[in-house]
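Welcome! Please take a look at the sequence and the 3D structure below, and then we can walk through some of the features together.

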Amino acid sequence: MAILHNLGFPRIGASRELKFALESYWQGQTGSDDLLATAAKLRERHWQLQSGLDWQPVGDFSLYDQMLDMSVTLGNLPARALGGKDLDSYFRAARGRAPDDSDCQCKHAAEMTKWFDTNYHYLVPELDANSQFALYPARLLGELGEAKVQGARPKAVIIGPVTYLYLSKTKDGSDALDLLPRLLPVYQQLLDRLAATSLEWLQIDEPALACDLDEDWQQAFIDSYRTLEKHGPKKLLCSYFGPLLENFTLAAELPVDGLHIDCVSQPEEGRREAVALATALPPERILSLGVINGRNIWKTDLLPLLDWLEPLSQQLGDRLWLAPSCSLLHVPYSLEEETQLDGELKSWLAFAVEKLTELQTVGAALNRGRSSVSHALQSNTEALARRRHSNRVHKPEVQAAVNGIHRGLGNRQSPFADRAEQQRRLLQLPRFPTTTIGSFPQTADIRQFRLRYKRGELSEQQYRQYMQQEIAYCIAEQEALGLDVLVHGEAERNDMVEYFGQQLDGYAFSQYGWVQSYGSRCVKPPILFGDISRPSAMTVEWSCFAQSLTDKPMKGMLTGPVTILNWSFVRDDQPRRDSCYQLALAIRQEVLDLEAAGIRIIQIDEAALREGLPLRRAQRQEYLDWAVESFRIAANGVRDDTQIHTHMCYSEFNDIIDSIARMDADVITIETSRSELELLDAFDDFNYPNDIGPGVYDIHSPNVPSSEAIVSLMRKAAEKLPAERLWINPDCGLKTRGWKEVLAALQNMVSAAHQLRAG
């Protein structure tokens with residue numbers, strides 16, 4: 001009998017209950033008891049939804065981030081975040097402030113970056129050579145108690161010790177692996193405490209096994225699991241986001257009771273490894289296969305899946321466990337309420353709840369025969385056949401345009417030095433020019449007005465007049481602040497990807513397809529289901545209206561093709577490269593229309609460029625080649641005196657800095673504030689040729705930076721880059737912040753620029 005389980009479930013709730021409970025608590029409208037009660041109700045509901053599985057995960061739920069939770073469990077929060085109630089310390093590390101810290105201007109927040117190659121952000125554990133660890137298991141033990149009371153069959157979930165260190169950052173240049181002997185005793189204590197609860201299975205997530213590991217990190221796995229072998233419940237070691245490859249033998253020989261691998265991210269390699277492990281693992285060891293895609297929303301093709309699983313099921317019996325490839329954190333909650341989604345398209349999709357249904361169908365077919373689920377299998381086959389042959393998906397004219405791409409399409413007319421001189425003469429900007437990344441606060445009034453328009457309660461004229469009023473207000477505030485390059489504020493945009501997808505053919509949109517990006521921040525990725533084209537201009541009207549209100553340069557604001565791709569649920573029936581080229585051609589049309597309309601600065605955000613980078617070095621250059629070329633196709637059809645900006649956030653750049661330079665953007669703005677400009681270390685050994693704006697204001701925290709702090713950061717940046725090529729800007733868009741804090745922070749930013757210009 002194949003055993004069914006899940007690695008993790010979306011924690012935000014069907015109606016984003018966690019988001020609203022968190023924000024209410026942070027704003028002081030509700031207390032901690034209310035927040036914790038909401039969390040408990042969500043956990044109970046999620047275990048009920050997973051009751052058809054043999055094991056339900058416990059510990060996958062988090063108030064903010066699973067890595068932050070593990071840091072708490074291991075007693076490894078930054079000292080600057082500690083104080084007051086436990087929740088105070090937790091949220092100081094998460095977002096820089098607890099509810100009672102409203103007057104605090106200190107830097108508490110931990111650095112945040114992307115979780116492997118996903119669009120989820122985790123809080124980076126901070127370490128140094130003197131770091132100490134201590135066990136605080138109350139959260140996990142409490143949730144195990146809840147699960148048992150509610151009748152769940154719990155499988156506890158933790159981050160493994162090697163992945164924890166692998167994703168940590170040392171602040172003093174020491175080696176994180178030197179702390180492993182100090183860390184493992186705390187893991188031993190945790191495992192022993194879990195065993196004392198009569199817990200049968202513990203899921204230990206070690207996705208670092210899907211990465212390139214040198215000998216030291218491979219040895220760390222051996223040392224860790226030999227040390228933990230005699231402690232705790234039975235251990236299911238879980239790798240995901242890619243195949244094991246050269247880590248295959250290492251993983252197969254670790255002294256654990258079960259091994260989970262990802263069979264969908266690279267299907268051929270994953271299935272080969274599954275077959276090999278069925279023979280290589282000791283006869284008492286469990287083999288868990290991730291056979292339902294936990295990262296994307298397309299239905300699984302069940303008949304071919306059963307064809308290769310059935311021999312393994314006969315070979316392994318109840319030693320075969322089946323699950324999604326990774327936690328379902330990365331997909332929306334359920335299709336049930338998607339009443340406005342096109343019926344045919346909806347029949348091609350599976351969100352988290354539907355993926356569990358798929359898993360149960362596969363389990364039933366293996367355990368009771370295909371005839372027991374014949375209707376489900378037939379429905380699956382018919383839906384996928386309709387998708388394969390749909391003329392809504394395949395458009396010959398779009399495919400012909402991609403086939404016509406040539407190298408010259410991505411080249412600027414002149415080198416940067418020549419362009420920069422022309423742009424200086426045209427724009428007449430001061431030293432250390434100031435700007436923002438694009439968006440300004442999306443107030444409750446803006447969101448309500450957009451919702452009323454969407455419901456048909458407002459006319460097109462009323463909607464446009466209101467948005468023009470918001471744009472005019474935004475321009476007036478920026479001029480009063482004294483910013484040098486303005487933006488229109490993006491009041492009309494719900495999301496930097498969804499806004500464009502709604503105006504491109506080949507996209508569809510859910511009503512409730514939210515996924516967690518970090519903390520209470522949720523995004524609703526559009527669904528890229530077919531060949532992409534741009535029927536008409538998407539932003540020109542708004543940018544031109546904004547430019548008409550000021551004599552200062554106005555940036556046209558676009559999202560780049562790579563980011564639109566990486567922040568969408570992308571079709572899985574053609575290479576991602578081909579979809580990206582289609583997007584690049586569409587954005588190129590928009591860039592040329594903005595230029596023709598008189599917009600002299602155009603920002604094309606590629607915030608997600610790095611997160612699409614494959615985890616394996618051998619696969620990265622191919623991705624970078626087509627990703628950079630896609631940006632160049634989109635950006636580089638303009639005249640020399642049109643200035644192209646791009647923006648990237650929350651990514652490590654050191655290992656791809658040459659590719660970023662190849663993008664040839666005139667100005668790049670990057671997140672550096674939480675890392676104290678550490679990301680600029682990439683420029684120590686690389687002569688970056690173009691202008692750069694290191695983010696000096698952490699927009700993910702409500703704290704207001706002082707002008708002195710900004711001056712200090714910019715002087716630090718000037719030690720690595722020529723001062724004449726530095727811009728001053730926040731590290732990301734300002735849509736999630738309030739106007740009061742934004743105006744105060746930007747006033748300090750402008751003041752800092754004046755101080756720097758004065759020497």
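## A predicted model

D216 counts as exposed because its relative accessibility is 52%; exposed means over 50% relative accessible area, buried under 20%, and partly exposed in between (1.4 Å probe, protein chains only). Before going further, please note that this is a predicted model, in which local features need pLDDT of at least 70 and side-chain atom pairs count only at pLDDT 80 or more, while totals for chains, interfaces and linings use all residues. Residues are numbered from 1 along each chain as its sequence is written, and side-chain values use heavy atoms, with hydrogens and water left out.

## The chain as a whole

The chain holds 26 helices and 22 strands. These are DSSP runs numbered from the N terminus, with helices (H or I) of at least four residues and strands (E) of at least two.

Of the 759 residues, 62% are buried.

## A negative patch

Back to D216, which lies in helix 8 (residues 215-228). Together with D175, D178, D214 and E215, D216 gathers in a patch of negative charge on the surface. Patches are made of residues with over 30% relative accessible area and no salt bridge, and like charges are joined within 9 Å. Asp and Glu count as negative, and the place of a charge is taken as CG of Asp or CD of Glu. Accessible areas come from the Shrake-Rupley method with a 1.4 Å probe.

## Two residues with positive phi

The loop between strand 9 (234-238) and helix 9 (248-253) is the place of F241. Phi of F241 is near 80 degrees, a positive value in a residue other than glycine. L245 is in the loop between strand 9 and helix 9, and has a positive phi of about 50 degrees although it is not a glycine.

Are these side chains buried or exposed? F241 counts as buried at 6% relative accessibility, whereas L245 is partly exposed, with a relative accessible area of 28%.

## Salt bridges

How many salt bridges are there? The count comes to 43, where a salt bridge is a side-chain nitrogen of Lys or Arg within 4 Å of a carboxyl oxygen of Asp or Glu. One of them joins R43 and E143 (3.6 Å, N to O). R43 lies in helix 2 (residues 32-49) and E143 in helix 5 (residues 138-149), so the pair ties together parts that are 100 residues apart in sequence. R43 is buried at 10% relative accessible area, and E143 is buried at 5%. R43 and E143 also belong to a network of salt bridges that includes D69, R139 and E146.

R534 and E590 meet in a salt bridge too (2.5 Å, N to O). This pair links distant parts of the chain, 56 residues apart: R534 in the loop between strand 16 (527-533) and helix 20 (540-547), and E590 in helix 22 (residues 576-596). R534 counts as buried at 15% relative accessibility, and E590 counts as buried at 0%.

How values were computed. Patch = residues over 30% accessible without salt bridge, like charges linked within 9 Å, V, L, I, M, F, W, Y side chains within 5 Å.
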